[in-house]
Amino acid sequence: TTDTQVFFAARNEFGVTSPRAFLGLNGSGNPRFGMREVDGDGFGDVGTTFTVTAGKTYFVAATANYATNSVTVYFRNITDNGALQSTSGTVAAWSAG
């Protein structure tokens, strides 16, 4: 979506202009991870409800299993020594990318 702030995008080696995967913030400031189909340009993503506050440092990472279309997003508030949290989801349907 146009309201996403992307802070990581991975491209494949075949010159595809659209990111194959990305990790960013949605319009509400929550981390989300998105990925494209392996054999196409369909898009799917998994959002989180983790809260990001300005002025704080966070650890955010994600893993994707393309065989099962599943994603896990990891989140930790470093500033407040928060516990590592995670959320998982599955891309149920691919939308036009």
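Lys56 is partly exposed, with 33% relative accessible area; the scale calls a residue buried under 20%, exposed over 50%, and partly exposed in between (1.4 Å probe, protein chains only). The structure is a predicted model, so local features need pLDDT of at least 70, side-chain atom pairs count only at pLDDT 80 or more, and totals for chains, interfaces and linings use all residues. Residues are numbered from 1 along each chain as its sequence is written, and side-chain values use heavy atoms, with hydrogens and water left out.

**Overall build**

- The protein has seven strands and zero helices. Both kinds of element are DSSP runs, numbered from the N terminus: helices are H or I with at least four residues, strands are E with at least two.
- From the N terminus on, the order reads β-β-β-β-β-β-β.
- The protein has 97 residues, and 30% of them are buried.
- Contact means heavy atoms within 4.5 Å. Of the contacts with a separation of 6 or more, 29% join residues 24 or more positions apart.

**The three-strand sheet**

- Three strands line up as S5-S6-S7 in an open sheet, with antiparallel pairing. Two strands pair if DSSP finds at least two bridges between them.
- Strand S5 (58–65) and S7 stand at the edges with a single partner strand each, so one side of each has no neighbour in the sheet.
- On average, neighbouring strands of this sheet are turned by 15° against each other, direction ignored. The axes are lines fitted to C-alpha atoms (for helices over the stretch in contact), and angles run from 0 to 180 degrees between N-to-C directions.
- S5 and S6 run antiparallel and are joined by eight bridges.
- Across from Ala64 stands Val71 in S6.

**The nonpolar core**

- A nonpolar core is a set of buried Ala, Val, Leu, Ile, Met, Phe, Trp, Tyr and Cys residues joined through side-chain atoms within 4.5 Å.
- The largest one here holds eleven residues: Ala21, Leu23, Phe33, Met35, Val46, Phe50, Tyr58, Val71, Val73, Phe75 and Val91.
- Strands S2 (21–25), S3 (31–36) and S6 (70–77) are the elements that give two or more residues to this core. S6 gives the most, with three.
- Core member Val91 touches Met35, Gly44, Asp45 and Asn69, not counting residues up to four places away in sequence.

**Salt bridges**

- Side chains of opposite charge can pair when their charged atoms come close.
- A salt bridge is a side-chain nitrogen of Lys or Arg within 4 Å of a carboxyl oxygen of Asp or Glu. By this rule there are two.
- Asp45 and Arg32 form a salt bridge through their side chains (2.5 Å, N to O). The pair links distant parts of the chain, 13 residues apart: Asp45 is in strand S4 (residues 43–47) and Arg32 is in strand S3.
- Arg32 is buried, at 5% relative accessible area. Asp45 counts as partly exposed, at 33% relative accessibility.
- Lys56 and Asp80 form a salt bridge, with their closest N and O atoms 2.6 Å apart. This pair also links distant parts of the chain, 24 residues apart: Lys56 is in the loop between S4 and S5, and Asp80 is in the loop between S6 and S7.
- Asp80 counts as partly exposed, at 44% relative accessibility.

- Asn77 is found in strand S6. Asn77 counts as buried, at 14% relative accessibility.
- The side chain of Asn77 reaches the backbone nitrogen of Asp80 at 2.9 Å. Leaving out residues up to four places away in sequence, Asn77 touches Lys56, Thr57, Tyr58 and Gly82.
- Asn30 sits in the loop between S2 and S3. Asn30 also counts as buried, at 15% relative accessibility.
- A polar atom of the Asn30 side chain lies 2.7 Å from the backbone oxygen of Phe50. Beyond its neighbours within four places in sequence, Asn30 is in contact with Gly24, Leu25, Thr48, Thr49, Phe50 and Thr51.
- Ala83 lies in the loop between S6 and strand S7 (85–90). Ala83 is exposed, with a relative accessible area of 58%.
- Not counting residues up to four places away in sequence, Ala83 touches Phe75 and Arg76.

How values were computed:
A polar contact is a pair of N or O atoms within 3.5 Å; within protein, one must be able to donate a hydrogen and the other to accept it, and residues adjacent in sequence count only if both atoms are side-chain atoms.
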